[in-house]
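Please read the following report alongside the sequence and the three-dimensional view.

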Amino acid sequence: MPKVQPHGGGGGSRRGRSAHVASSLAEINVVPLVDVMLVLLIIFMVTAPMMQQGLQVNLPQARRATPVTAQPIYVTVPADFSRNHLVQLDKESIRIDVLDERVRQALLARDDKSVFIRADAEGRVQDIITVFDRLKAAGVERVGFMTTPPPTR
């Protein structure tokens, strides 16, 4: 009586074909992956400078200002401070209610207890004084005001 194969044709050739399929799946083509990664790298390189922006502040001008040499903490007071009560501590926008605590935490590790205010030239003086009072309550010893030099003629 002839022997019947359960899966059809010769079992040896089927085994050889599956081994070939398994070896070809083990090799991954990385060229498309590298192409996609390079495109993403270019996209991030182009968009990264656009992401680094803070509040737009029009600083007042001063003729006799000294350049800043230290690494102080910057507090930015925008022109619309009286509406939303937001300031920017270095690069983070925060409410004026928590400014004194956040500045106190930032000054703990520093010997120099100075802070610079970047106030918009269109802002109100009362807004600047409000921020100034919060900074003094936080233990700031010296407060400086950032200005821009007048245009040269």
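Which residues of helix 4 are buried? The buried residues of helix 4 are Leu 99, Asp 100, Val 103 and Leu 107, where buried means under 20% relative accessible area, exposed means over 50%, and partly exposed lies in between (1.4 Å probe, protein chains only). Seen down the axis of helix 4, these buried residues fall within an arc of 95°, so they line one face of the helix; the arc is that of the directions from the helix axis to the C-beta atoms. The cover over the buried residues of helix 4 includes strand 1, strand 2, strand 3, strand 4 and helix 5.

This is a predicted model, in which local features need pLDDT of at least 70 and side-chain atom pairs count only at pLDDT 80 or more, while totals for chains, interfaces and linings use all residues. Residues are numbered from 1 along each chain as its sequence is written, and side-chain values use heavy atoms, with hydrogens and water left out.

## The chain as a whole

The chain holds five helices and five strands, and along the sequence they follow the pattern α-α-β-α-β-β-α-β-α-β. Helices (H or I, at least four residues) and strands (E, at least two) are DSSP runs, numbered from the N terminus. Of the 153 residues of the chain, 22% count as buried. The chain exposes about 11,900 Å², of which carbon and sulfur atoms supply 58%; accessible areas come from the Shrake-Rupley method with a 1.4 Å probe, and for residues only the protein chains shown count as cover. Among contacts with a separation of 6 or more, 69% are between residues 24 or more positions apart, contact meaning heavy atoms within 4.5 Å.

## The nonpolar core

In soluble globular proteins, nonpolar side chains tend to be buried together. In this chain the largest nonpolar core has 20 residues, and those with the most contacts inside it are Val 75, Val 87, Leu 99, Val 103, Val 131 and Leu 135. A nonpolar core is a set of buried Ala, Val, Leu, Ile, Met, Phe, Trp, Tyr and Cys residues joined through side-chain atoms within 4.5 Å. Strand 1 (73–77), strand 2 (86–89), helix 4 (99–107), strand 4 (114–119) and helix 5 (125–137) each supply at least two residues of this core.

Val 75 is found in strand 1 and, at 0% relative accessibility, counts as buried. Leaving aside neighbours within four places in sequence, Val 75 is in contact with residues including Val 87, Leu 99, Val 115, Val 131 and Leu 135. The C-alpha atoms of Val 75 and Val 115 are separated by 7.2 Å, although the two are 40 residues apart along the chain.

Strand 2 and strand 3 (residues 92–95) run antiparallel and are joined by four bridges; two strands pair if DSSP finds at least two bridges between them. The bridge partner of Leu 86 in strand 3 is Arg 95. Two residues lie between the strands of this hairpin, in which Asp 90 takes a positive phi near 55°.

Ser 114, in strand 4, is buried at 7% relative accessibility. Leaving aside neighbours within four places in sequence, Ser 114 is in contact with Pro 72, Ile 73, Val 140 and Arg 142.

## Aromatic pairs

The structure holds two aromatic pairs. Rings of Phe, Tyr and Trp (its six-membered ring) pair if their centres lie within 6.5 Å; planes under 30 degrees apart count as stacked, over 60 as edge-to-face and the rest as tilted.

| Pair | Centre to centre | Angle between planes | Arrangement |
|---|---|---|---|
| Tyr 74 and Phe 116 | 6.1 Å | 40° | tilted |
| Phe 132 and Phe 145 | 6.5 Å | 15° | stacked |

Tyr 74 lies in strand 1 and Phe 116 in strand 4, so this pair ties together parts that are 42 residues apart in sequence. Tyr 74 is partly exposed, with a relative accessible area of 21%, whereas Phe 116 is buried, at 17%. Phe 132 lies in helix 5 and Phe 145 in strand 5 (residues 142–145), so their pair ties together parts that are 13 residues apart in sequence. Phe 132 is partly exposed at 24% relative accessibility, and Phe 145 is partly exposed at 46%.
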